[in-house]
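Dear colleague,

Please find the structure below.

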Amino acid sequence: MKLILKPLFEAELPGDFVEVLRQKLRGREIKEGETIDIDLLGKPLKFKVLYSEPKILRVRRNTEIEILSQELSIIRLDLGSEAEDLLTFRDGFIVVFDDEVLILNHNGHKIYKQKFENLKKVNVVKNTVAVLHGKELTLITLP
């Protein structure tokens, strides 16, 4: 169970402030993406919930809490079926399925997708993806 918060105010927070947050939030239900108020010395401090695992979390004394000063960018993609492997290259990712190769850029946009009969292995060198399938080798040069 994990919670990542971003303060919506300008102030230097001490290292042990996470413990104060945990005590103030204990028992509350927190949702990813929402803005929460924490009352401290009679003043509300606002935090944005950048990440919550699970998406709806009830804070307990063992909940891991992190404070970030910058917002995270999280992209979740539904791949439709279970992936066999994930490879990386300079500008993106290659998702290998049982009989298919999907190449995505760093933002998760599709660059290339193709099914291969008897797919055996996929490798990447610089900007070329090598796909070994059956008795063939297909080389895909990326822009």
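How many aromatic pairs does a search of the whole structure find? The search finds two, where rings of Phe, Tyr and Trp (its six-membered ring) pair if their centres lie within 6.5 Å, and planes under 30 degrees apart count as stacked, over 60 as edge-to-face and the rest as tilted.

This is a predicted model, in which local features need pLDDT of at least 70, side-chain atom pairs count only at pLDDT 80 or more, and totals for chains, interfaces and linings use all residues. Residues are numbered from 1 along each chain as its sequence is written, and side-chain values use heavy atoms, with hydrogens and water left out.

Phe 9 and Phe 47 are edge-to-face, because their ring centres are 5.3 Å apart and their planes stand at 90°. Phe 9 sits in the loop between β1 (2–7) and α1 (17–25) and Phe 47 in strand β4 (residues 43–53), so this pair ties together parts 38 residues apart in sequence. Helices (H or I, at least four residues) and strands (E, at least two) are DSSP runs, numbered from the N terminus.

Phe 17 and Phe 47 are stacked, at 6.5 Å centre to centre with 25° between the planes. Here helix α1, which holds Phe 17, is linked to strand β4, 30 residues apart. Phe 9 and Phe 47 are buried, as is Phe 17 (buried means under 20% relative accessible area, exposed over 50%, partly exposed in between; 1.4 Å probe, protein chains only).

Asp 98, in the loop between β8 (92–96) and β9 (100–105), is exposed, with a relative accessible area of 58%.

Regards
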